[in-house]
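Subject: Structure for your files

Hello,

Here is the structure you asked for. My notes follow below it.

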Amino acid sequence: MGAGPAPASYAPAFPAAERQPSDPAPRRWPSPATMPSSALWAVDLFGRVYTLSTAGQYWELCKDTQLEFKRVSAATQCCWGIACDNQVYVYVCASDVPIRRQEEVYENQRWNPVGGFCEKLLPSDRWPWSDVSGLQHRPLDGVVLPSPHWEWESDWYVDENFGGEPTEKGGWTYAIDFPATYTRDKKWNSYVRRRRWIRYRRYKSRDTWAKIPSKDDPKQLPDPFNDLSVGGWEVTDEPVGHLSVWAVSLQGKVWYREDVSHPNPEGSSWSLVDTPGEVVQISCGPHDLLWVTLWEGQALVREGINRNNPKVGSSWCIVEPPTSENGIMHVSVGVGVVWAVTKDRKVWFRRGVNSHNPCGTSWIEMVGEMMMVNVGLNDQVWGIGCEDRAVYFRQGVTPSELSGKTWKAIVAGRECDRSHSGSSSSLLSAGCFFGDEVRGGGDSCAPSDVDASSEAERPGPEQAVPAGSLESPRASKGSSAAGLGASKTTEHAAEAASPADQTPRPEPHPCPASTPAELPWTNIDLKEPKKAPSQSAADCPETAGLSSLGMLPLGLEEPYCADDHPLWAWVSGGGCAMEPHAVLKWFTVQSGLSSSVQTLSPAITPAQTATWRKQIFQQLTERTKRELENFRHYEQAVEQSVWVKTGSLQWWCDWKPHKWVDVRVALEQFKGHDGARDSILFVYYVVQEEKKYLHVFLNEVTTLVPVLNEAKHSFALYTPERTRQRWPVRLAAATEQDMNDWLALLNLSCCESRRVLGRPSPQAIWSVTCKGDIFVSEPSPDLEAPEHPLPCDQMFWRQMGGHLRVVEASSHGVVWGIGYDGTAWVYTGGYGGGCFQGLASSTGNIYTQSDVKCVHIYENQRWNPVTGYTSRGLPTDRHMWSDATGLQECTKAGTKPPSLQWAWVSDWSVDFSVSGGTDPEGWQYASDFPSSYHGYKTMRDFVRRRCWARKCKLVTSGPWLEVSPIALGDVSIIPESPGTTESGHSIALWAVSDKGDVLCRLGVSELNPAGSSWLHVGTDQPFASVSIGGDYQVWAVARDGSAFYRGSVSPSQPAGDCWYHIPSPPKQRLKQVSVGQTSVCAVDDNGNLWYRQGVTPSYPQGSSWEHVSNNVRRVSVGPLDQVWVIANKVQGSHSLSRGTVCHRTGVQPLEPKGQGWDYGIGGGWDHISIRANATRASKSASQETSGEQGLPSGPSSVASAPQEAVGPVCC
Amino acid sequence: MTDDKDVLRDVWFGRIPTCFTLYQDEITEREAEPYYLLLPRVSYLTLVTDKVKKHFQKVMRQEDISEIWFEHEGTPLKWHYPIGLLFDLLASSSALPWNITVHFKSFPEKDLLHCPSKDVIEAHFMSCVKEADALKHKSQVINEMQKKDHKQLWMGLHNDRFDQFWAINRKLMEYPAEENGFRYIPFRIYQTTTERPFIQKLFRPVATDGQLHTLGDLLKEVCPSAVAPEDGGKKNQVMIHGIEPMLETPLQWLSEHLSYPDNFLHISIIPQPVD
């Protein structure tokens, strides 16, 4: 049943027009490691901007040190700031994925009998060069870059892609007349034609402060800005990446920056928003909260901000300050919180703030005095201490306790301090910082400070000047920085700074951190720094331990003042994601020489490579040899005995009465004569007053699958027989802990009886269930045997900790995963985690992992002539709040997270991204339930629905480390060619980002499975799926369902050179592709599996798609060209399972499409990767390696071979 | 790469080949053959010598039998010390198998505790586990456990069931993620050269500056003579489970992996044998 366009339409030699000439030379951006994805931004009193990464432990000076800043306001991936020149700047963090925008111009032509199609149009026609509507004249050279921060990626070129189909003849599309529907084919009545020219521009000013251009009319231009706030990223959903940027001018006016979004980081223009008073400060939350402070001390709250109206809102509402004598000086808002600082530096929390009541109800006074506070991501709060100018973090802010518990000072040092302490051996221990000798040691440290980045701004010649004279420029700089920033909120700093000029002192250290006691203003602004007790740790462990915590409430008499902390002026947490479980190194003084201490980041922790560890392993082996080798015939002192664990569980009785039955269970473990252990699980039940039991030999169990839902902690137990029946033993425990204990124990018993322990082999087969659980199976050599392969229902699957949506492996041992939230993860080589603790888990390489997904419910309404749309439906209608099918009632209040592992992290919000589109309020209309819905109302529509989404989050652990910062949609690793063990090259890995960018990972190797950086591969549209085959053949599928082949990919040219558009099977939109050693398979939206016919080394694009099977969700083609899929439905003898692992049987070099299916584990499986399994059956290895594993022969021989593809997998 | 879990197994399954001989002065009806046994290093002598007792009692008259006790080269063996510790401390330099003399008379009251039943061993073992958890977690973990968990720890040791024991013991080896280790490390340092039975002090796994304390740090602090012997050249061996970990080994790691089932690190300081 071969299908697909005739190969004739594709000549073997590709005409130049089919290449996309645009494809720019891929550009290598700085590694993401240089700019953390999550960081706290702060400005010190000198106006220098620092970032503190959540993964790091030092403040890093912002790369662009030319400017001094008054204020900054951060979002993830970018930060806006007001510099001391009163100009607004935006700092867009570097990323491996460029910000690129497409410009398009249409070329229009009309046919005339003399010259055929030509540029001469009728007078009534559109411009020969125009925009898509034809109304605007748009010559190619008239399209200019919007600002100096953009550059052209390439020249103009013609778009060959027309709705997923390649066009011919230069991209022309034809119509009867303008404006009309255009078609690919030229007909007798095609009087006009047009084609699209495209060109990309890139934003180039990344990792630097880019001045916001002021093209506006000078009269309209705002006076210098005084405050600025960035937020609003949660008002609309991603792709757009909208940002709300608000600013306040010195005259007290409020301005809004139009059109700021991720693809347009600068926005377009400033527009004035009227306010009823003179504004001094503004704060915009991630969602719809916007508060400003008035000069008089009240706050103004903007009401009516929503998705359709992120800017204007409807009206202002005044909120009075907590006390009339001390007005509000500063406010900061989050998603559902408002914090304020009054003029007496007291900190206030606003009670009762939410979307419906943005004003809240009342003020609560908090402990502590702050210069300012800032609400960051997840409503976490940061502040600058009034006394010590340290940055404080509000600890214990959770959704249930938004006001948090206590202020905790960040004592992280700066990078310059680190180089300082690292350079001097006298400063090895933190205790030395408190001693007198540090001052004396300053001179010896001076050379190292010259290297420090903070010195970049100092003019070169001054480096030779004696240390004493360095003080004056620095002090004046400090005062000027503070002076410029001396708006109504920072007089304090100015006061502090001015005495500094009067009392210049010799100050050899540019970093205040090293000798803070010398800083002039410490005597004025701060109380005498409290020196920590210089007792040694061993003398008094209790007190020493306390001081190392650095956590003293502000209210204490003697404020904690780490001797080496910088003085801060401003902090912004809008780009800083604080995970509640994450261990940060910000709150303890780091010694800087902690090479022997375990650190989190590298895949192999230093502890595991340490000599002491190797020595212990070695000595233990020697000891065993010494003490046991010659004495094995001795009797054991303790005889091995049977061990029984018993407990109470519930068991699903799958016949009458079809319910959960209380049962006693017993696991009997015993050791056989050969030392192998085996176990039997007994389930004792009583049904209809009859005592019975069933038992399972654990060495026959093929997998244990946790089935968590909101009601039960249960798990399913499969054997080969029960896999065939689609009928597992289901058991439930009373508590999650109880279930985890049983699961871990049973898993361990299964693994031990099969002797499957430790790290999975590099050839392991990985899979993921619809619950995100990860399973791995060791392939038997017989699995791909040509004759009598091992039935795949006998495969043993064991669970790995973690939560993923996609997992892809290669036989180099490199395994990558993608979470539901798009986070990319790399396998660390550990095992266990999650509920597998203790023996079932490796000691190292297990890290915290979190994932976020959305739960969707639907609001359904019916129209009636009197009241219009109401939530009163017909008696026959679905529930007015339901799931997608309408069958299950799902109310906002009654819907719980998927299981107890998940917790809500957002409120319900309307989901506008549903297919079919929505109206501005999110409604979709239809004539009746159930029907196809559309995003606009017509006369025939009597029902409507809208989708509500709520995010929930899971925190677990597993052998996975995050590969930040780019979220992914798909990933593929090159399979190892059988028989080749080439080394030296890095391992090719391709991915598609969640936004549809195609990426190629550089530097991936067995030792560094995470790789180093992304290389962006340009495309003209967002992509969905990518796969790289054994010989660097890269295939990809775009979101519009069309397929592409990437030309010339090789180790030396990892990103290849250009895309070739491959027509999809007729009337099908492809959604996924997988490339094995030579075979290429793809799955379309309708569940059809297609095999690419005619792929040869000289003609890698193949000739046509041939249908293999339907009922397929996902395909994985491996290095032996073996084909495995996730089948949609498989019928067993007892029930049906959806989402089943299936193995294509009869796949041979001459029969690459195979003959039938073998059914494996199933019921809820979502993803499989067999791409690591290059294990060939040993007995046939000799025949196979004799060169038979060549390419499939030409189409003729395949056509003569039996074409009987077993159609539907089941039912 | 080998996993740290393997260390736990190696430690648990450590065996000492032992040759039991009846004391020459014991009155027997016929000659007593020596008895050979593999003793688990982590267990207690009186817990694993039922077979030895039976073997020798067969050749003795009932009236000549009182409480059994063991001795190695004249030193009575304390049953309440783990077997591995006794061996490391007293016999690590002698040839294998370990020669132990069995006595049924003249119980050395001043050297040994009586061990009338296995309940006494259990009580001793559990009190050690509790003391260790008091040091590690202010007793929070052990107190949160159920009676059956305590029983499982004991039965795991009693029956030499590694996974049965570790299924529970792992909870005793956990510590809060924000800490870098236990509160204090449960350890005891034994020296044959001193009168003191052992040294035990409060010692934290992490220094105030965040550095992990090492075995060397511990010894320097609580037993400086072990690392820097006063009489010059004579060196000491620092031995746990028959191996000599490097002094750079982090103490927290040692505590998690090389503790005996009673959750203590039993460290032997013995003079370097002169070969």
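Which residues of chain B does the UniProt annotation "domain: Autophagy protein ATG5 UblA" cover? According to that record, an unreviewed entry, the annotation covers residues 11–104 of chain B. Please keep in mind that this is a predicted model.

Chain B

Over residues 11–104, chain B is 20% helix and 28% strand. The end C-alpha atoms of that stretch lie 31 Å apart.

In the contact between them, domain 1 of chain B supplies 14 residues and domain 2 of chain B supplies 15 residues. Helix α3 (residues 83–91) of chain B gives the largest share of the domain 1 side, with 4 residues. By class, the domain 1 side that touches domain 2 of chain B consists of 7 nonpolar, 5 polar and 2 charged residues.

Chain A, strand β42

In chain A I looked at β42 (765–769) and the loop that links it to β43 (774–777). Of the 5 residues of β42(A), 5 are buried, so the strand is largely enclosed by the rest of the structure. In a regular strand, side chains alternate between the two faces of the sheet. In β42(A), A:Ile765, A:Ser767 and A:Thr769 point one way, while A:Trp766 and A:Val768 point the other way.

β42(A) has two antiparallel partners to note. With β43(A) it is joined by 4 bridges, and A:Ile765 stands opposite A:Ser777 in β43(A). With strand β72 (residues 1165–1169) of chain A it is also joined by 4 bridges, and there A:Trp766 has A:Ser1169 as its bridge partner.

Leaving aside neighbours within four places in sequence, A:Lys771 is in contact with A:Leu708 and A:Gly1164. The C-alpha atoms of A:Lys771 and A:Leu804 are 8.6 Å apart, and the two residues are 33 residues apart along the chain.

Regards

Definitions and conventions: Residues are numbered from 1 along each chain as its sequence is written. Chains are lettered from A and ligands numbered from 1 in the order in which they are written. This is a predicted model: local features need pLDDT of at least 70, side-chain atom pairs count only at pLDDT 80 or more; totals for chains, interfaces and linings use all residues. Two residues are in contact if their C-beta atoms, placed from the backbone, lie within 7 Å. Ala, Val, Leu, Ile, Met, Phe, Trp, Tyr, Cys and Pro count as nonpolar, Asp, Glu, Lys and Arg as charged, and the others, Gly among them, as polar. UniProt positions are given in the numbering used here, feature names are shortened, and annotations may be inferred rather than shown by experiment. A residue is buried if 20 or more other C-beta atoms lie within 10 Å of its own, exposed if 12 or fewer, and partly exposed in between; C-beta atoms are placed from the backbone. Two strands pair if DSSP finds at least two bridges between them.
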